[in-house]
Amino acid sequence: IRNEGSGNVVLEITTGNLVLFDHSVGSATGNISLSATNGSILENQSNGVASVSTAGTLTLSADTGIGNSLLEAIETNVQTVAARSQTSGDIFLNEQDGLIVGSGTNSIAGLSTNNGSISVEIGSNSLIVNDDISAGSGSIDLLATEIEVSGEITGGDIDVQGGSSAVVRAGGRVVSSGTSTTLNIEAVTVDVEAGTSSDAPLAHVGSGDIRVSTPSGAVTLAD
């Protein structure tokens with residue numbers, strides 16, 4: 001399915017799973033909305049070829065998961081993504097270029113699961129988190145060349161691998177919870193902008209560790 005113009009593409013199935021193959025859905029500049037109201041959105045094979053592509057926004061909504069493992073993540077080439085797994089399951093995304101986590105259609109914003117894991121990997125370029133990423137007690141893994149966080153990231157174990165840089169903007173937060181969980185941020189340079197004593201930009205609200213590390217660069221912590 002492809003819209004060669006600026007129009008949108010809406011695909012909704014009400015029974016079973018929505019399975020994507022190479023070049024399954026695309027639009028030149030329009031928005032794409034994919035929904036499996038009683039099932040999962042799955043990738044047939046992860047081979048480096050995008051299943052969904054647009055210069056607009058991709059909205060994913062499923063009842064029981066979006067992608068089902070790191071090896072079978074939904075492969076995308078889109079500008080902005082918003083995704084929600086409503087009842088159970090995880091979210092696995094593999095983006096070929098840069099990606100913005102933002103607002104989609106049907107009141108879906110950011111990335112969210114009901115205690116399922118969330119994983120976003122970027123082939124190259126940056127990951128910009130403008131809206132919240134929420135996994136409940138589930139784990140969150142973010143991997144990109146550069147990561148910038150302006151929204152709130154909340155989960156159990158949280159691993160942010162920023163490559164050359166990881167920035168938590170003023171107003172952005174990364175919050176881990178649970179028992180024996182870890183909030184880990186690693187990049188060549190890590191920059192954490194100002195928060196407040198009751199609204200710290202990096203926080204653990206359970207019983208676990210916070211780790212911030214750079215292999216060869218610098219960590220900057222604002223007052």
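I began with secondary structure and found 25 strands and 0 helices in the chain. The radius of gyration is 17 Å, close to the 17 Å that the globule rule gives for 223 residues, so the chain is as compact as a globular protein of that length. I keep in mind that this is a predicted model.

**Overall dimensions.** I looked up the extent of the C-alpha trace next, and along its principal axes it spans about 50 × 30 × 30 Å. The accessible surface comes to about 9,400 Å², and carbon and sulfur atoms hold 45% of that. Of the 223 residues, 45% are buried. I also checked contacts between residues at least 6 apart in sequence: 48% of them join residues at least 24 apart.

**Core.** Which residues touch the most other members of the largest nonpolar core? Among its 47 residues, they are Leu 34, Ile 41 and Leu 127. I followed up on Ile 41 and, leaving out residues up to four places away in sequence, listed its contacts, including Leu 18, Leu 20, Leu 34, Leu 60, Ile 66 and Ile 74. Ser 35, Ser 61, Gly 65 and Gly 67 are also among the residues Ile 41 touches.

**Thr 145.** Where does Thr 145 lie? I found Thr 145 in the loop between strand S15 (140-143) and strand S16 (146-149). Beyond residues up to four places away in sequence, Thr 145 touches Ser 124, Asn 125, Gly 162, Gly 163, Ser 164 and Ser 165. I also checked Ser 53: Thr 145 is 92 residues from Ser 53 in sequence and 20 Å away in space, C-alpha to C-alpha.

Key: Residues are numbered from 1 along each chain as its sequence is written. This is a predicted model: local features need pLDDT of at least 70, side-chain atom pairs count only at pLDDT 80 or more; totals for chains, interfaces and linings use all residues. Side-chain values use heavy atoms; hydrogens and water are left out. Helices (H or I, at least four residues) and strands (E, at least two) are DSSP runs, numbered from the N terminus. Contact means heavy atoms within 4.5 Å. A nonpolar core is a set of buried Ala, Val, Leu, Ile, Met, Phe, Trp, Tyr and Cys residues joined through side-chain atoms within 4.5 Å. Buried means under 20% relative accessible area, exposed over 50%, partly exposed in between (1.4 Å probe, protein chains only). The radius of gyration is taken over C-alpha atoms; the globule rule is 2.2 Å times the number of residues to the power 0.38. Accessible areas come from the Shrake-Rupley method with a 1.4 Å probe; for residues, only the protein chains shown count as cover.
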